[in-house]
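Have the model open while you read this. A few spots in it are worth a click.

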Amino acid sequence: MTFIEILVEGKGAALAEIDDRNPRTAREIIERLPLEASAQTWQEEVYFGLPFGLADENPSPQAESGDVSYWTPGSAFCIFYGGSQPYSAVNHIGKVARGLDIFPGVEEGDRIVLRRGEP
């Protein structure tokens, strides 16, 4: 299994377990780790732009709480932590296995670091 640690500076860390819903998308992101960005928020979602673009693989118009996804129109990494739905279809790459409770406290501009994680 592969994991991504999502560190929100000053707020805590979460661990996402990568699944096989969009393996090419997941692989492309994992190969570029570590990555750093500034948080943005939208409804019950934390997202941030990545410095590269990827194509749609198996996009879904819906999300569940805990989904970790890639939004192709904005080249963004997304963490869904509540009942809100994507603005448009996303490539789901995994689920938050631990630490989902930190995301409601994330504010615009918080520093986020993505790196390979351990279970």
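## Ground rules

This is a predicted model, so local features need pLDDT of at least 70 and side-chain atom pairs count only at pLDDT 80 or more, while totals for chains, interfaces and linings use all residues. Residues are numbered from 1 along each chain as its sequence is written, and side-chain values use heavy atoms, with hydrogens and water left out.

## The cores

In soluble globular proteins, nonpolar side chains tend to be buried together. Here the largest nonpolar core has 30 residues, and Ile4, Ile6, Ile29, Phe77 and Phe103 touch the most other members. (A nonpolar core is a set of buried Ala, Val, Leu, Ile, Met, Phe, Trp, Tyr and Cys residues joined through side-chain atoms within 4.5 Å; buried means under 20% relative accessible area, exposed over 50%, and partly exposed in between, using a 1.4 Å probe and protein chains only.) There is also a second, separate core of six residues, including Tyr47, Ala63, Phe80 and Val90.

Click on Phe77 and, leaving out residues up to four places away in sequence, you'll find that it touches Ile6, Ile29, Val46, Tyr47, Phe48, Leu50, Val68, Ser69, Ile93 and Leu114. Contact here means heavy atoms within 4.5 Å.

Glu45 sits in strand β5, residues 45-49. (Strands are DSSP runs of E, at least two residues, and helices are runs of H or I, at least four, numbered from the N terminus.) With a relative accessible area of 6%, Glu45 counts as buried. Beyond its neighbours within four places in sequence, Glu45 contacts Gln40, Cys78, Ile79, Phe80, Tyr81 and Ser84.

What about a charged partner for Glu45? It has no salt bridge, and the nearest side chain of opposite charge, Arg21, is 13 Å away. (A salt bridge is a side-chain nitrogen of Lys or Arg within 4 Å of a carboxyl oxygen of Asp or Glu; Lys and Arg count as positive, Asp and Glu as negative, and His and the chain ends are not counted.)

Most residues other than glycine have a negative phi, and most peptide bonds are trans. The bond from Leu33 to Pro34 is cis, with omega near 5 degrees, and Pro34 lies in the loop between α1 (23-31) and β3 (35-38).

Two non-glycine residues have positive phi: Gln43 at about 50 degrees and Ser75 near 45 degrees. Gln43 is in the loop between β4 (40-42) and β5 and is exposed, at 53% relative accessibility. Ser75, in the loop between β6 (67-71) and β7 (76-80), is buried at 18%.
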